[in-house]
Amino acid sequence: MTVSLQAAVSACLFVSLLVFAAILWLAALFAIPFTLAIPVGLLVAAVVGVVGISYFCSRQQRIIDCLTDGIRSFKDQDFSVQITHFESIEMSDLILEYNRLSTTLKKQRHATSQRELLLDTILQVSPVSILLLNQFDQVVYANDKAGKLLNKKSLSGLVLHHAIANADPKLQTILLQKESGFVTFQANDEKQSYYFSRQSITLNHQPHVLLMCQNLSSEMSRQEVGLWKNAIRLISHELNNSLAPISSLTNSANTIVERSAEEQNHALIQLLPEMLATINRRTENLSEFVAKYSEFARLPAPNITEQPLQPILDTVGKLYDFTLLASLPVKCAFFDPIQVEQVLINLVKNAHESGSKIDEIGVKLLVDYQRLIVVVVDRGVGMEEEKLANAVLPFFSTKPSGTGVGLSICNEVAIAHGGQLKLFNRKKGGLMVQFDLPLVAPKA
């Protein structure tokens with residue numbers, strides 16, 4: 001039977017009074033003096049009341065102890081403790097809410113466990129090697145792919161420099177540099193290419209580092225084969241375009257010489273200068289074509305020194321018109337003036353060839369931390385997304401007569417200056433091309 005604590009205390013007090021009255025009645029019945037009966041009656045009544053109240057309070061304390069044990073079990077991620085039997089009106093709502101909370105947390109933990117199991121399964125079969133490091137550079141999590149990459153079966157708990165002890169030295173270098181990057185090296189007589197990504201995250205209110213490594217060897221091999229095929233196609237096409245007319249004109253010239261010698265026909269001989277001029281033009285075109293590829297292959301390391309920006313812009317402006325969209329944020333930066341000047345000339349020239357109006361071709365310089373961002377914009381036809389992604393690859397060209405080395409050389413120059421050439425289509429049409437240069441002297 002469920003009884004409230006207040007009713008139980010009232011009942012105990014009532015019983016105590018009855019006991020006191022009974023003792024006084026017995027004292028009167030047996031002629032016991034009241035001076036003795038009253039103290040004894042009060043003492044017995046008090047004992048009965050205290051025992052009764054203690055009994056009912058102990059029931060409440062048992063319920064409180066159960067709730068305390070249940071809440072403590074929450075800290076240990078144990079949500080199985082339920083209070084199934086209780087006889088307390090005051091505690092009934094609290095116990096009911098506790099049981100509901102316990103059930104809810106148990107269901108949530110089960111759902112979370114299922115999601116974690118699914119996520120772990122996905123990470124374990126992922127082709128990307130994944131390492132999670134805590135603030136002390138200890139491995140908190142590693143998937144199977146990471147173990148194979150670093151040649152260790154168990155990585156959890158190891159400090160990073162111990163975890164990578166069996167890996168290739170070049171992999172160790174880029175991991176210890178604590179930077180994202182691309183690394184290529186030779187292993188087992190095969191070319192290996194990896195991309196590393198390093199990100200700082202917060203997990204359980206503590207800083208962690210997530211390292212991801214993707215093996216791009218097969219993809220890079222396919223890209224290289226495709227690029228070489230494209231290069232061979234371009235070179236073959238250009239050679240055929242030049243050699244075919246040269247061969248034809250040479251045969252015709254030989255025929256003319258033979259016939260003129262036999263027939264004394266000076267009119268035929270007069271055709272020779274034009275044929276030779278055509279052969280010369282085709283030879284010059286072929287030489288220029290080969291020179292462009294040679295330039296890409298022999299691009300020298302930049303001589304990076306502090307240089308003023310205005311002379312570069314003035315030189316480019318004399319060759320191709322453009323609008324300077326904002327005043328220069330700085331007067332100088334660190335770069336190779338010859339290479340950067342050529343990059344700007346190529347980019348502004350491309351903007352002129354994009355179909356854009358001249359007054360909509362602009363150059364803007366911005367400062368971002370310790371880098372100078374150089375932006376060239378136009379309102380031309382822009383570029384398809386697929387072509388945009390491959391625009392800086394060697395031998396890839398969007399122009400029918402292009403060699404595919406112009407933007408590649410620009411990108412190589414940008415990379416040599418610690419940046420990268422980036423291309424974006426503009427929302428209202430046209431293209432935006434940007435690269436960045438250092439504002440401080442690069443470390444030797």
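Predicted model: local features only at pLDDT ≥ 70, side-chain atom pairs only at ≥ 80, totals over all residues.
1. Residues are numbered from 1 along each chain as its sequence is written, and side-chain values use heavy atoms, with hydrogens and water left out.

2. Where does Ser129 lie? Ser129 belongs to strand β1, residues 128-133; helices (H or I, at least four residues) and strands (E, at least two) are DSSP runs numbered from the N terminus. Ser129 counts as buried because its relative accessibility is 7%; buried means under 20% relative accessible area, exposed over 50%, and partly exposed in between, using a 1.4 Å probe and protein chains only. The side chain of Ser129 also reaches the backbone oxygen of Lys145, at 3.3 Å.

3. Stepping back to the whole chain, you will find 13 helices and twelve strands. Of its 444 residues, 33% count as buried. Among the contacts with a separation of 6 or more, 55% are between residues 24 or more positions apart. The accessible surface comes to about 27,700 Å², and 59% of that belongs to carbon and sulfur atoms; such areas come from the Shrake-Rupley method with a 1.4 Å probe, and for residues only the protein chains shown count as cover.

4. Now for the interior. A nonpolar core is a set of buried Ala, Val, Leu, Ile, Met, Phe, Trp, Tyr and Cys residues joined through side-chain atoms within 4.5 Å. The largest one has 34 residues, and Leu344, Leu347, Leu421, Leu423 and Phe435 have the most contacts inside it. Elements that each supply at least two residues include α10 (310-319), α11 (337-352), β9 (362-368), β10 (371-377) and β12 (431-438). Of these, α11 gives the most, with seven residues. Leu344 touches Ile312, Leu313, Val316, Val374, Val376 and Phe435, not counting residues up to four places away in sequence. There is also a second, separate core of 20 residues, which includes Val139, Leu160, Ala163 and Leu171.

5. Next, a look at the outside. Trp25, Leu26, Leu29, Phe30, Ile32, Leu36, Val40 and Val44 form a nonpolar surface patch with about 770 Å² of accessible area together. The elements giving two or more residues to this patch are α1 (5-29) and α2 (34-75). Phe30 sits in the loop between α1 and α2, and counts as exposed because its relative accessible area is 57%.

6. Two residues deserve a glance for their backbone angles. Most residues other than glycine have a negative phi. Asn151, although not a glycine, has a positive phi of about 60°; Asn151 is found in the loop between α4 (144-149) and α5 (160-163). Tyr369 has a positive phi of about 55° and is not a glycine either. Tyr369 lies in the loop between β9 and β10, and is exposed, with a relative accessible area of 77%.

7. Finally, is Asn99 buried or exposed? With a relative accessible area of 12%, Asn99 is buried. Asn99 lies in helix α3, residues 89-125, and is in contact with Gln82 and Ile83, leaving aside neighbours within four places in sequence. The C-alpha atoms of Asn99 and Gly70 are separated by 9.4 Å, with the two residues 29 apart along the chain.

Notes:
Polar contact = N/O pair within 3.5 Å; in protein donor to acceptor, adjacent residues only side chain to side chain. Contact = heavy atoms within 4.5 Å. Patch = residues over 30% accessible without salt bridge, like charges linked within 9 Å, V, L, I, M, F, W, Y side chains within 5 Å. Salt bridge = Lys/Arg side-chain N within 4 Å of Asp/Glu carboxyl O.
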